[in-house]
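The following exercises are to be worked with the sequence and the 3D structure at hand. Each task is followed by a solution in steps.

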Amino acid sequence: MAKTPSDDLRAGGQPGQAREDRGPDGSPCARVPARRSPSEPRPSLASGGEAERRPEGGPARWEPEELSPDPSVGFNPRSVTPGIENQPNPEKVNQIPPAGMSSRPDWIRLIGLESQVPWLMDRLRADYGECVPHSGAKFFRAGALWHPGILVSWGHKSEIAMIDLQGSRLACTPVEEFMQLSFELLKRGFRCTRIDLAVDHVDLGIDLHKHALASCKAGELCKLRTYSDDSEFKADGTPLRYLLKLGKRTSPICARIYDKGLETKTLPAGQWERFEVEFKDDRANEVCMALADAGDKLHELLWGYVIGAVEFRVANGRSEFARRPFTKWWERYIGQTTPLRCPPQPSRSGYIQWKEWFRESAGRRLIQLANIFECRPSELFYELIDGLEPAFTETSCTIEAREMHSNRREAMPTAAFGCDRNTL
């Protein structure tokens with residue numbers, strides 16, 4: 001029987017906690033830990049802090065899957081809505097950032113081919129020591145956990161692997177360390193399908209939730225089309241939670257503004273606020289690639305993406321953004337920073353997409369079978385298609401292929417065809 005990555009797993013000690021990188025004095029985004037979303041309770045030691053863990057002693061719960069943004073891997077686990085992934089951990093001690101503004105990623109998820117798992121396991125062992133066996137995330141059959149907050153899953157029916165870098169690990173590790181890991185994964189063909197960016201404000205008196213909620217009620221919210229105030233109070237008016245949700249959780253970009261001090265029960269209302277933006281699908285990959293290659297500009301770039309995800313503009317009856325100036329509080333908040341937009345990526349061409357699908361699915365299997373039969377792949381290919389009639393339906397793939405062929409013929413010298421071009 002072939003050896004699997006699970007065979008190499010051995011229980012080991014927890015990796016040592018890395019020092020915090022505070023960043024330069026006066027930086028608009030000092031490098032200090034950010035914390036998790038109020039809708040994402042912390043993982044318990046019993047669960048290991050994994051994403052979407054299957055129930056103990058039973059199969060994973062069935063939930064609909066969706067197509068991957070990367071056609072080369074086919075189906076993949078859905079873009080998970082945070083808040084259902086972990087169980088609360090009462091033993092977690094919250095670390096309050098120092099006064100000022102700080103930023104960091106709070107979740108990074110990447111998906112790649114399962115053949116990369118051996119390399120990934122060796123890469124993580126080199127930095128974080130031994131892992132413990134794990135049942136893997138939902139839709140996966142196996143995995144490995146580096147506690148806290150690094151989960152690798154494999155055994156998916158589409159032969160893909162997934163790595164989750166969770167907030168519990170990102171909060172105690174220099175952010176540059178994980179952006180370097182993300183950079184290496186992207187170079188090896190992994191694709192980021194989710195990245196959360198968080199900006200914390202401690203003892204700044206910004207009243208972020210108050211201003212944002214008032215602007216939403218006044219019709220000043222732009223770019224994200226919906227909002228929902230999920231705040232909670234006691235009967236006497238004492239606030240238990242300040243939480244403003246911006247955008248749909250199922251959309252490629254959504255945001256949350258909330259009081260982290262209240263959520264963690266560590267500070268009174270208004271002393272620790274967080275602005276958190278979640279990118280998924282193609283937006284997540286674009287943001288992750290930009291941050292992984294940002295170098296010394298990492299935190300400034302992160303801040304730019306957060307304030308570029310949403311805007312608050314004066315509701316003056318105009319529909320064009322250029323004719324609607326920023327509200328005064330939002331203009332003060334973003335200062336001189338240029339917001340970074342993250343527009344949707346153009347869809348890839350039909351022929352190139354079909355070619356990538358063939359190479360990663362049928363093509364790889366074709367080569368494997370040819371090796372088994374000890375013949376050339378071309379011989380096996382002709383055997384497989386023997387007797388088949390060509391398809392006649394038109395798709396973006398066939399339309400583009402026909403156009404590509406026509407362009408090549410126009411560019412090719414007459415001699416190459418062996419006859420006059422007009423006779424073709």
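A nonpolar surface patch consists of residues with over 30% relative accessible area and no salt bridge, whose nonpolar side chains are joined within 5 Å. The model examined here is predicted.

**Exercise 1. Identify the residues that form a nonpolar patch on the surface, and state their accessible area together.**

Step 1. The patch is formed by Phe381, Tyr382, Leu384, Ile385 and Leu388.
Step 2. Together these residues have about 520 Å² of accessible area.
Step 3. One of them, Leu384, is placed in helix α10, which spans residues 377-385.

**Exercise 2. Determine which residues of helix α4 are buried, and where they lie around the axis.**

Step 1. Helix α4 comprises residues 208-217, and its buried residues are Leu208, His209, Ala212, Leu213, Ser215 and Cys216.
Step 2. Because these residues cover an arc of only 160° around the axis, they are on the same side of α4.
Step 3. Lys210 and Lys217, on the other side of α4, are exposed.
Step 4. The general rule reads as follows: an α-helix has 3.6 residues a turn, so residues three or four places apart point the same way.
Step 5. Glycine 219 follows α4 and has a positive phi, near 75°.

**Exercise 3. Describe the largest nonpolar core and the contacts of isoleucine 195.**

Step 1. The largest nonpolar core has 64 residues; Ile163, Ile195, Leu246, Phe275 and Phe279 touch the most other members.
Step 2. Leaving aside residues up to four places away in sequence, Ile195 touches Trp107, Ile108, Val277, Glu278, Phe279, Ala284, Val287, Cys288 and Leu291.
Step 3. Another core, of 7 residues, lies apart from the largest one and includes Ile111, Phe140, Leu145 and Leu151.

**Exercise 4. Decide whether serine 182 and glycine 167 are buried or exposed.**

Step 1. A residue counts as buried under 20% relative accessible area.
Step 2. Serine 182 has a relative accessible area of 0% and is therefore buried.
Step 3. Serine 182 belongs to helix α3 (residues 175-187), and beyond residues up to four places away in sequence it touches Ile108, Leu110, Leu165 and Cys288.
Step 4. Glycine 167, at 2% relative accessibility, is likewise buried; its place is in helix α2 (residues 167-170).
Step 5. The C-alpha atoms of glycine 167 and aspartate 106 are 4.6 Å apart in space, although the two residues are 61 apart in sequence.

**Exercise 5. State how many helices and strands the chain has, and what share of its residues is buried.**

Step 1. The chain has 11 helices and 16 strands.
Step 2. Of its 424 residues, 46% are buried.

Conventions: Residues are numbered from 1 along each chain as its sequence is written. This is a predicted model: local features need pLDDT of at least 70, side-chain atom pairs count only at pLDDT 80 or more; totals for chains, interfaces and linings use all residues. Side-chain values use heavy atoms; hydrogens and water are left out. A nonpolar core is a set of buried Ala, Val, Leu, Ile, Met, Phe, Trp, Tyr and Cys residues joined through side-chain atoms within 4.5 Å. Buried means under 20% relative accessible area, exposed over 50%, partly exposed in between (1.4 Å probe, protein chains only). Contact means heavy atoms within 4.5 Å. Helices (H or I, at least four residues) and strands (E, at least two) are DSSP runs, numbered from the N terminus. Patches are made of residues with over 30% relative accessible area and no salt bridge: like charges are joined within 9 Å, nonpolar side chains (Val, Leu, Ile, Met, Phe, Trp, Tyr) within 5 Å. Accessible areas come from the Shrake-Rupley method with a 1.4 Å probe; for residues, only the protein chains shown count as cover. A salt bridge is a side-chain nitrogen of Lys or Arg within 4 Å of a carboxyl oxygen of Asp or Glu. The arc is that of the directions from the helix axis to the C-beta atoms.
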